[in-house]
Amino acid sequence: MTERQILRRIGQNVKAARLKAGLTQECLAELAGVHWQTVSYIENAKYLCSVITFFKISQALETSPNRLLDGLPEADKERMEKIKKSLARKRKVNCG
């Protein structure tokens with residue numbers, strides 16, 4: 001999944017949660033303490049927000065930040081294990 005696709009999925013989740021809560025972008029922005037354009041940019045995958053802003057939005061929506069990440073893929077565990085093993089071998093060579 002590309003970064004753009006990730007932002008799109010998060011934006012869709014924020015928008016769905018906002019609509020379910022019956023809030024406008026302006027109202028959500030006010031509750032989260034951000035500018036309404038920030039909410040618009042997040043929903044339209046035009047803005048990579050900070051963790052703090054993401055947390056404030058999830059609080060304003062009265063939902064878990066994890067719920068706003070629904071639909072994102074799991075980590076590629078096979079790839080991660082290969083990298084860990086490779087780095088472990090390098091450390092042994094460099095430090096041993």
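Visitor: Buried or exposed: which is Ala 45?

Guide: The model is predicted. Ala 45 has a relative accessible area of 2%. The cut-off for burial is under 20%. Ala 45 is therefore buried.

Visitor: Where is Ala 45 found?

Guide: Helix α3 covers 36–43, and α4 covers 51–60. Ala 45 is in the loop between α3 and α4.

Visitor: What is the phi of Ala 45?

Guide: Ala 45 is not a glycine.

Visitor: Buried or exposed: which is Glu 62?

Guide: Exposed means over 50% relative accessible area. Glu 62 has 75% relative accessibility. Glu 62 therefore counts as exposed.

Visitor: What is the phi of Glu 62, and where is the residue placed?

Guide: Glu 62 is not a glycine, yet its phi is positive, at about 55°. Its place is in the loop between α4 and α5 (77–95).

Visitor: Which helix holds Ala 29, and what is its relative accessible area?

Guide: Ala 29 sits in helix α2, residues 25–32. Ala 29 is buried, because its relative accessible area is under 20%. The value is 1%.

Visitor: Which residues is Ala 29 in contact with, leaving aside neighbours within four places in sequence?

Guide: Contact here needs heavy atoms within 4.5 Å. With those sequence neighbours set aside, the partners of Ala 29 are Val 34, His 35, Trp 36 and Val 39.

Visitor: How many Å apart in space are Ala 29 and Arg 67?

Guide: In sequence, Ala 29 and Arg 67 are 38 residues apart. In space, C-alpha to C-alpha, the distance is 19 Å.

Notes: Residues numbered from 1 in each chain as written. Predicted model: local features only at pLDDT ≥ 70, side-chain atom pairs only at ≥ 80, totals over all residues. Heavy atoms only, no water. Helix = DSSP H or I, 4+ residues; strand = E, 2+ residues; numbered from the N terminus. Buried < 20%, exposed > 50% of the residue type's maximum accessible area, 1.4 Å probe, protein only.
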